[in-house]
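Work through the exercises below with the sequence and the coordinates open. Each task is followed by a worked solution.

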Amino acid sequence: MIIEAQGIKKAYQHEDRLFMAVDDVSLSIGEGEFVCIEGRSGSGKSTLLNIMAGLLAPTAGSVAFEGREYGGMDDSGLSELRRTRLGYIMQGYGVLPNFTVLQNVLLPYVLSGRGGGLAESALAILEQAGIRQLAQRYPSGLSGGELRRVAIARALLMSPRLLIADEPTGDLDEETASGIMGLFAAAAKNGTAILMVTHDKDAAGYADRIHTMKAGRLVPDAGSGQA
Ligand SMILES: Nc1ncnc2c1ncn2[C@@H]1O[C@H](COP(=O)(O)OP(=O)(O)OP(=O)(O)O)[C@@H](O)[C@H]1O
Ligand SMILES: [Mg+2]
């Protein structure tokens with residue numbers, strides 16, 4: 001397994017009562033497996049993804065990435081993992097305004113001092129994402145869908161073991177979305193495990209498994225993907 005979550009709970013205090021944003025979720029994803037989560041707004045999807053990405057500590061339960069529990073790693077171990085093995089395309093854009101598009105895509109490498117020689121691969125990914133012409137632009141003035149694709153290109157550049165994506169096609173037109181899903185499917189073929197939240201039926205069609213989140217709980221869907 002690439003990632004194994006066991007009995008995950010996340011409780012928040014809402015006024016005078018405890019609210020379970022994630023309620024006893026267990027989920028494992030193997031190499032090259034493409035898993036999709038659907039569910040209504042507020043059902044706990046982003047909270048679960050943040051926990052699976054090691055950004056948010058659960059109230060109960062454990063997450064192991066390639067057999068190592070997040071609970072046993074320090075901050076630098078977790079950051080290293082997110083720079084090298086785990087790509088996270090967050091629900092926001094996570095794009096830094098003072099860096100060009102190309103620099104944003106290379107950011108994880110620049111931060112770890114290993115950026116050299118990767119510009120060409122980064123440009124190739126921008127080309128595949130349909131935003132090669134924006135490489136030297138700064139984020140201000142880019143459209144939502146363009147910013148989204150910068151975040152996607154950055155996550156794909158490292159060929160992560162696990163790609164977590166929160167509504168990656170939310171603000172993309174159909175054609176651009178299917179291009180991006182093609183990139184995801186190719187990554188899965190190369191062994192990248194994918195965990196994606198989406199409301200987009202076409203995007204969900206690429207998944208091997210689809211789950212639905214309801215009030216913090218994960219229920220498996222009868223239907224699975226077409227791919
Ligand atoms: N830091 C927090 N403090 C208190 N409550 C929170 C916090 N983060 C999330 N919640 C609550 O937990 C619930 C789940 O939030 P979450 O963002 O995971 O939903 P979601 O399924 O991703 O929704 P959407 O589809 O709108 O993105 C919501 O009711 C939200 O208000
Ligand atoms: Mg969300």
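**Exercise 1.** Find the partner of strand 1 and describe how the two strands pair.

Solution. Strand 1 (residues 3–14) pairs with strand 4 (residues 60–65) in the antiparallel sense, over five bridges. Strands here are DSSP runs of E with at least two residues, helices are runs of H or I with at least four, and both are numbered from the N terminus. Two strands pair if DSSP finds at least two bridges between them. Within this pair, Glu4 stands opposite Ala64 in strand 4.

The model is predicted: local features need pLDDT of at least 70, side-chain atom pairs count only at pLDDT 80 or more, and totals for chains, interfaces and linings use all residues. Residues are numbered from 1 along each chain as its sequence is written, while chains are lettered from A and ligands numbered from 1 in the order in which they are written.

**Exercise 2.** Follow strand 4 into strand 5 and characterise the turn.

Solution. Strand 4 and strand 5 (residues 68–69) run antiparallel and are joined by two bridges. Phe65 stands opposite Arg68 in strand 5. The two strands form a hairpin with two residues between them, and Glu66 in the turn has a positive phi of about 50°.

**Exercise 3.** Give the strand order of the open six-stranded sheet and name its edges.

Solution. The order is 6-7-8-3-9-10, with mixed pairing. Strand 6 (86–89) and strand 10 (217–220) are the edge strands, each pairing on one side only. From one strand to the next, the twist averages 20°. At one end of the order, strand 9 (residues 209–214) pairs with strand 10 in the antiparallel sense over four bridges. Thr212 stands opposite Val219 in strand 10.

**Exercise 4.** Which residues of helix 5 are buried, and what covers them?

Solution. In helix 5 (residues 119–128), Ala122, Ile125 and Leu126 are buried, that is, 20 or more other C-beta atoms, placed from the backbone, lie within 10 Å of their own. They cover an arc of only 105° around the axis, so they are on the same side of helix 5; the arc is that of the directions from the helix axis to the C-beta atoms. The cover includes helix 3 (101–105) and helix 6. After helix 5 comes Gly130, with a positive phi near 80°.

**Exercise 5.** Which helix contributes the largest share of the shell around ligand 1?

Solution. Helix 1 (residues 45–52) does, with three residues. Among the residues surrounding ligand 1 are Tyr12, Lys45 and Gln91, where a residue counts as near if its C-beta atom, placed from the backbone, lies within 6 Å.

How values were computed. Axes fitted to C-alpha atoms, helices over the stretch in contact; angles between N-to-C directions. Buried ≥ 20, exposed ≤ 12 C-beta atoms within 10 Å, placed from the backbone. Contact = placed C-beta atoms within 7 Å.
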